[in-house]
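Let us go through this model by question and answer. The focus is on how two chains meet.

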Amino acid sequence: MASVSTPARQVAAGSRRPAATDRSRSSGGTGWLFATPFLVFFTLFLIVPLGIGLWMSFTNSSLTGHGDGTFVGLDNYTEALGDSQVWETLGNTVWFTVLSTVPLVVVALVMALLVYTGMPGQWLWRLAFFASHLLPVAVVYQIWSMLYQPDRGMLNGLLQAVGLDGVTWLTDEKVAMWSIALVTLWWTVGFNFLLYLAALQAIPDHLYEAAALDGAGAWRRLWSITLPQLRRTTGLIAVLQVMASLKVFDQIYLLTKGGPNGSTRPILEYIYDTGFTNYRLGYASAVSYVFFAVIIILSIAQLKIFSRGED
Amino acid sequence: MTTETLSPRTPGKPPRSTMPREVVRRRRYGRGHAWHPTLGTGLLPRVLTLLALALMTVAWLVPFGWGVDTSFKTEVDASASGVDWIPKAGFTLDAYRTIFGQGKLPVWALNSLVIAVCVTALTVAVSAMAAYAFSRTLFRGRRVLFAVIIASIMVPPQILIVPLFRQMLAMNLVDTYAAVILPQVVAPAMVFILKKFFDGIPRELEEAARIDGAGSFRVFWSVVMPLSRPILAAVAIFVFINTWNNFLWPFISTSDPQLMTLPVGLSTVKDSTGLRNAQESASSILGSLPLLIVFMLFQRQIVKSVATTGLGGQ
């Protein structure tokens, strides 16, 4: 990150001419010129709708005309903070994030370590673990709703074949979220796996050679070289995964519609239902912003944790 | 990086005369053959590794296999119980015939392709230029601006759908390609990845070009872009996959069947036919095939490109 601080120091020092080593950085208008096309898209399709949503959160807008869009101040927010549904669905979202993130990091790491053994048929392993990541969510839903069928699904067929009781995968309040996490693991672990595989390839050979010279065994190499070298990647994957898991919606909406008894309903589904089923756009926007605030707080906390001890 | 502290840098130190067996093997076979940096050379670890791999591979491929299998069954067999991989009525292409009989598939596939290519090209172009600006130029407010862009990665896209739809209504773009394409071009994460890569390009290269009289555009186009081909490919692949599989926004912004993407179109087939396992499986297979084929053809490049993103390397 040294490159980021260099120009700041220069500006602070008030030097008019860039130092010789920094001549490669052009200044002023050029930067804006390069940034403008992106900024136009960014403003038009992210900042503006974010602003419209924020405005709506202070009004009683609705899709059907029950609300007329008048300004209601913080009413929506006060209602949201006292709404047990908000806290329940937020809790479900966090629970899903915990259930999914840990295996999505650990299984990806195990996969990458196993594949990175020089086993023949690399393409097969890569295809096997990454291919599911290429499926649209509608396809994932289609496959897994067949596998999860309690009376004639394949998973229960397998359980019964080994003498175990079948499981009501998606209709038992205690099991449903685990089932969703399992689907998510199968569907998305391939991406983290590829990131780990790439990180393993980037570890310089001479580290292992030096370790071998010092007589380090396999475990020692794993603990003292491989895992420490992967630490940054692990931090990054964990951060990206938590953000992705907090935004879970599609697979839950398709597999359980948030049931049974709301036990898998994520906050984004509550927002969706409030907006599109109950037509309360203003209130839905307010809940969106509460959720957004939670995401920001969690992300900052996480970044702080993972960037500690670096540099 | 930590590598520098760990690698022996003292030039005066004489090399050891006797090299451990593992290093010799390492040199002989090279990475990815007989020597594993972590697990070593023993036979037992290799057998165990292979077993574990085989087990996981089966676990990951079986759901696919079940989908493919089901798509070749009659509807009766497809909704029958349990673990029968071989259907009683034999395998059939009926499900595929029905899907193709509805005749919209080529149109949807073409729409998906046009939309994914446009989004990918636009995203790569504007993101690379912005990343260059943030990495290589100085302008007022760039640190704040970059912080805003990074922060926006956290915005859940689902909360933008309603305001975006209102915007498209106001701009009179609903049911056009533009409505599907334009909002998908905003990819702050890609700007971040590209900037990180550009930061690592040695400044000397750029300085040399500048001494030769090249301006910013020339440096961007003739120095930075060629050096960044792998990362540009990686970004393009991510964006393409995401766009191809995106469901919610194309679903909301189009209602004309002639404009639907493959996933959206397939979902309407599902609605009209009710619950039919074989047909749904067949349409799932058809909907997944294009990306799977692309991945099989370009696997090496895709994996390599992930390796060269800042994500993988450090």
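**Chain contacts and annotated segments**

Me: How many residues of chain A are in contact with chain B?
Reply: This is a predicted model. Contact here means heavy atoms within 4.5 Å. On the chain B side, 116 residues take part; on the chain A side, the count is 114.

Me: Which helix of chain A gives the largest share of the side that touches chain B?
Reply: Chain A has 14 helices and one strand. The helix in question spans residues 29–57 and brings 20 residues to that side. The name is helix α2.

Me: How do the residues of the side of chain A that touches chain B divide into nonpolar, polar and charged?
Reply: Charged residues number twelve. Polar ones come to 26. The nonpolar group stands at 76.

Me: What is the helix percentage over residues 32–56 of chain A?
Reply: UniProt, in an unreviewed entry, places a "transmembrane region" there. The end C-alpha atoms of the segment are 32 Å apart, and strand is 0%. Helix is 100%.

Me: What is the helix percentage over residues 123–144 of chain A?
Reply: The unreviewed UniProt entry lists this segment too as "transmembrane region". Its end C-alpha atoms lie 25 Å apart, with 0% strand. The helix figure is 73%.

Me: How far apart are the end C-alpha atoms over residues 219–241 of chain B?
Reply: The unreviewed UniProt annotation for chain B includes this segment as "transmembrane region". The chain there is 96% helix and 0% strand. The ends are 30 Å apart.

Me: What percentage of chain A residues count as buried?
Reply: Buried means under 20% relative accessible area. Chain A has 311 residues. The buried part is 53%.

Key: Residues are numbered from 1 along each chain as its sequence is written. Chains are lettered from A and ligands numbered from 1 in the order in which they are written. This is a predicted model: local features need pLDDT of at least 70, side-chain atom pairs count only at pLDDT 80 or more; totals for chains, interfaces and linings use all residues. Side-chain values use heavy atoms; hydrogens and water are left out. UniProt positions are given in the numbering used here, feature names are shortened, and annotations may be inferred rather than shown by experiment. Helices (H or I, at least four residues) and strands (E, at least two) are DSSP runs, numbered from the N terminus. Ala, Val, Leu, Ile, Met, Phe, Trp, Tyr, Cys and Pro count as nonpolar, Asp, Glu, Lys and Arg as charged, and the others, Gly among them, as polar. Buried means under 20% relative accessible area, exposed over 50%, partly exposed in between (1.4 Å probe, protein chains only).
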